[in-house]
Amino acid sequence: MKLVRPILAIIFFWISFFAFSQEKTEREVKVKPSQVPISAKEWLTDAFEDLRKPKWYLEYSQKGKAFEAKFSKNGYLYSVEFDSLGNLEDVEIEIPSSEIPPETWTNIRNYFSEEFKEISVQKIQRQLIGSESDLEDFFDEDESGRITVQYEIVFQGKNEAWQVWEGLFDEKGSLISIIKVQLRPLDNLVF
Amino acid sequence: MRKLILLAVFLVFVSLKVQAQSNHRFFTGVFPEVSLTRKLNEVHRLNFKIENQEILYDNQDSDSENPQFSHYRTDIMGFFDRSLRPGMSVALGLFHRFQENEDGNRIIQQLALLQKSRVVRINHRFRTDQTFTRNKPLEVRFRYRLSVEVPLQGAEVDPGELYFLSSAESIFSHQGGDFEIENRLVASLGKFFSKTEKLEWGLDYRTDGYIQEGFRTRLWAKVSYFYNF
C-alpha cells in the first residue's frame, strides 16, 4: 500500500505535536495525610470522633489550592473542604431527596417544572457553611443554630435538548446559581 | 488497578504460549489510529476515524521473512452521532476498508450508553453493521462492547492525568449462511491532555474463527490519538 507510509507519518506528526501542547486547568490529586495541614486534620477528628481514615485530595483551581477530605459515615458520603492553610470552608453531605425538608423540596421542584420540560436528578449534596466551632458543634453536639444550609443538585434537564446542570439552592429552595456541566468527551468510549 | 494490568499481561502471554504450540494462525503488529470529533451543536457530532494495521510477525506467512513490516489493512470511517440525553447517543456510520483483494464498504448503526459511578465510567456500545466486499456475500454483524475507564490520579480524570481503559467486545457475524464469532480485548493506558485531546497506548488482542475453520489470533500494539473540536 503506497498510502501507508504517508498516513503513518501524518499520525506520528500529530501525536508528537500535541503531546507538548497541553492546557493548564483545574485538577485534583490524591495526597497523603502527612501532606495535609495539621489544623485541617484536627478539625476533622474533633468534629467526627470515630472517623476512619478519610481520603485526602488537593485541588488546584483559579481560586488557588484547597484540601478536601472524603469519607463515608453512617451510610452518607461526606466531603469536607479546607483552604490551603487548613481553614475549614464547608461540609457537603450526599443525601436522597427525601431528606430535604418538604417545603424546600416543593420549591425546588417548582423551579424545575418552570424552567425545564423534563428533569432527572443525579446527585444532591447538602452544604453546610459556618464557622469552624459552629460546624464542629453541629456534628458532635447536634447544634444547628448558626449554620447556613444550601443544596447543590446535579441533574439532567431537557428543554431543546438534554443537558447536565448543577444548581445551588438556599435553605428555602430558592435558586442561588446554576451552571451547565460539561461531560468529559466520550469519543474514546463511543467510537 | 495493578492486578488488572497484571491479569491482562498474563492473558496475553498465555495466549501467545498457546499459539506457539499449535498450528493456527497468529500475527502481531502495530495499530495506530486517529479519531477526530467535531461537535456540530449540543446534540450532533461528526466523527472521522482512520485506523492502520501493519504486520510485524506472522506465524504462517511463507512469502515474507519475519520480522516484517507489511500492510494488513487501513480503515477509514465517519459517524454522524445524535445525543438522546447526556451519556446516551445513537450514530450512523460509513466505513471503507483498504485491504489487498478485500477492499470493502460497510454501513454501521450504533447505540452507546454511559454509566457513571463516582469514579469509574462504564460504557456499553451496541452495533449492527453490514459489509459489502467484492466477490463475497453480504456480511451482517452484531457487536457489543463494554468499556471501563478508571482514573489513575485522583477521583476524576483531570487535564494532564493518566487513566486506564479496558474493553471487551464480542462480534457475532453471519455471511453466506455461516455464523462466526470474534472476541476482542483491549487494555490501554491513556493520557488526558485537555478536553480537546487524549492519547492512548494499549494492547488489542483479537480471536476469531471459532465456528468456521481457521482459528486465528491477532495481537496489536495500539496507539490512539483523539482530537475534539
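Two strands are said to pair if DSSP finds at least two bridges between them. Helices (H or I, at least four residues) and strands (E, at least two) are themselves DSSP runs, numbered from the N terminus. The model is predicted: local features need pLDDT of at least 70 and side-chain atom pairs count only at pLDDT 80 or more, while totals for chains, interfaces and linings use all residues. Residues are numbered from 1 along each chain as its sequence is written, and chains are lettered from A and ligands numbered from 1 in the order in which they are written.

In chain A, strand 2 (residues 55-61) and strand 3 (residues 64-73) run antiparallel and are joined by 7 bridges. Ser61(A) stands opposite Gly64(A) of strand 3. Strands of a sheet pair through backbone hydrogen bonds, either parallel or antiparallel. Both strands belong to an open sheet of 9 strands in chain A, with the order 1-2-3-4-5-6-7-8-9 and antiparallel pairing. Strand 1 (27-31) and strand 9 (175-181) of chain A are its edges, each pairing on one side only.

Chain A is divided into domain 1 (25-91) and domain 2 (95-191), bounds that come from an automatic or database domain assignment. Their C-alpha centres lie 21 Å apart. Between them, 9 residues of domain 1 of chain A are in contact with 9 residues of domain 2 of chain A; contact requires that the C-beta atoms of two residues, placed from the backbone, lie within 7 Å. On the domain 1 side, helix 2 and strand 5 (88-94) of chain A each supply at least two residues.

Helix 2 (residues 38-47) of chain A also packs with helix 4 (residues 132-141) of chain A, at an angle of about 35 degrees and with the axes 8 Å apart. Here axes are lines fitted to C-alpha atoms, for helices over the stretch in contact, and angles run from 0 to 180 degrees between N-to-C directions. Helix 2 of chain A contributes Trp43(A), Asp46(A) and Ala47(A), and helix 4 of chain A contributes residues including Leu135(A) and Phe139(A).

Chain A also touches a partner: 33 of its residues are in contact with 44 residues of chain B. Helix 1 of chain A gives the largest share of the chain A side, 8 residues.

Finally, confidence should be considered. The predictor's confidence in each residue is pLDDT, from 0 to 100. Among the elements of chain A, helix 1 has the lowest mean pLDDT (58) and helix 3 (residues 102-115) the highest (96). Where pLDDT is low, the predicted coordinates should not be read in detail.
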